[in-house]
Each structure stands twice: as structure tokens, then as C-alpha cells.
Amino acid sequence: ENPSLYSTQGKTKGELKSTFKVAETMVKSLADDSNCMKFLQGKKEVIIQGELFGIKWRGMVDVLNLEKGFFTDLKTTQGIHKKYCGLTFIEHYGYIEQMAIYRELIKQQFGKDLIPYIVAIEKNDNPLKAIIKVDERYTTPKLEEIEYNIERTIKVKSGEEKPIACGLCDYCRANNKVTQILTIEEL
Ligand SMILES: [Zn+2]
């Protein structure tokens, strides 16, 4: 129903554009996988909110299953086993923090302690998939870390304190916060 998703010229005329072809393959790959589908059963896109460490939080759970005792977030990734400076994609993109906060908000809102899962799928035309349990070994230390850092985060948010540039992201690149004097070992 959306013509802009389809190629209008060349050999592929009339076919889905390549990025949407990949998306279609990913959806089919999940739908054909009974294990993934088990963890995608439940209420979809549930808004959760509450208070934690003195501030208000709001999130949206992809799948909430109060009866079976779990919630799931669906993530796409370049590579399930890819490492970012030694970290997994789950650690690198802050997904443990997200799952830890969601778990607490769900406890407040529904009075149930649910197990967080990530259903991950690669963005390619033959995607690898995984169901990843994010248990307390990971979420508990993250919650402590968030609590420890929250004062400063609040102050940065209100403009009371200045943020520290990461020197890597698009914003830093575009705002001249990147030039550093490095030793060869630091590259
Ligand atoms: Zn940055």
C-alpha cells in the first residue's frame, strides 16, 4: 500500500527496495521461529511509568506477559556476536540499564517481578537470532550504578553542571569536540 517502498527503475523495478527486503526477511525469520514467537507472546507496546531514585521514569515494553512471568524487548543488531571495544551489543547500547529500569517500573505498576528477555535479530538477509535472558547478575549492579550517578545526571539535565563530551558520537564530531592528542598505543 506504500509505493515509496518499491523500486521504480532498473532491473529491480517493482520489487521492494533492498532495505525493506531485508526487513521483510527479518520479520519472516522471526515468525517462522517457534522459540522466538514464544517470547514475543503477550501484551504489545505497554507504557510503564513510575518513580525511581527520586525522579520519574517512563518506558514502553515491547511485550509484557504477566501470566507467564516475563517481558521482552525486540532488538535488531548488526551482529549478535559482534563486540564493541570488548563489550556485547547489549552492554554497549545500554540495554542492561533499560531492562533493569523496566523491571523495577513493572514491579511498581503491576506488583510482579518479571524476568527480562531480549529477542535479538541481525539486520541482514540471513539473520541469526537469539533469546537472551538479562538476569539479576547484570541488572542489580546496573541499578546501583544508575543510583550512584543520578544526582549528576539530574544536574546535567537541568544545566547546573556541564556534560563531558564522549569525543566519538555524531554530536561531538559535528561540534568540534573530537580532536585529541593521543599516543599510538591509544589508537
Ligand atoms: Zn559524544
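**Reading a predicted model, feature by feature**

Guide: Let's start on the surface: Leu182, Ile184 and Leu187 form a nonpolar patch there, with about 370 Å² of accessible area together. Patches are made of residues with over 30% relative accessible area and no salt bridge; like charges are joined within 9 Å, nonpolar side chains (Val, Leu, Ile, Met, Phe, Trp, Tyr) within 5 Å. A salt bridge is a side-chain nitrogen of Lys or Arg within 4 Å of a carboxyl oxygen of Asp or Glu, and accessible areas come from the Shrake-Rupley method with a 1.4 Å probe, where for residues only the protein chains shown count as cover.

Visitor: What should I know about the model itself?

Guide: This is a predicted model, where local features need pLDDT of at least 70, side-chain atom pairs count only at pLDDT 80 or more, and totals for chains, interfaces and linings use all residues. Residues are numbered from 1 along each chain as its sequence is written, and side-chain values use heavy atoms, leaving out hydrogens and water.

Visitor: Is Leu182 buried, partly exposed or exposed?

Guide: Buried means under 20% relative accessible area, exposed over 50%, partly exposed in between (1.4 Å probe, protein chains only). Leu182 has 39%, so it counts as partly exposed.

Visitor: And where is Leu105 found?

Guide: In helix H4, residues 95-110. Helices (H or I, at least four residues) and strands (E, at least two) are DSSP runs, numbered from the N terminus. Leu105 is buried, at 0%. Contact means heavy atoms within 4.5 Å; leaving aside neighbours within four places in sequence, Leu105 touches Ile48, Gln49, Gly50 and Trp57. Leu105 and Gln49 are 56 residues apart along the chain, yet their C-alpha atoms are separated by 6.0 Å.

Visitor: In which sense do S2 and S3 pair?

Guide: Two strands pair if DSSP finds at least two bridges between them. S2 and S3 pair in the antiparallel sense over 3 bridges, and they form a hairpin with 4 residues between them. Gly69, in the turn, has a positive phi of about 85°. Gly69 is buried too, at 19%.

Visitor: Which residues coordinate the zinc ion?

Guide: Donors are N, O and S atoms within 2.8 Å of the metal (3.2 Å for Na, K and Ca); water is not among the atoms, so sites may look incomplete. Here Cys166, Cys169 and Cys172 each coordinate through SG, at 2.2 to 2.3 Å. Cys172 is buried at 3%, whereas Cys169 is partly exposed at 33%.
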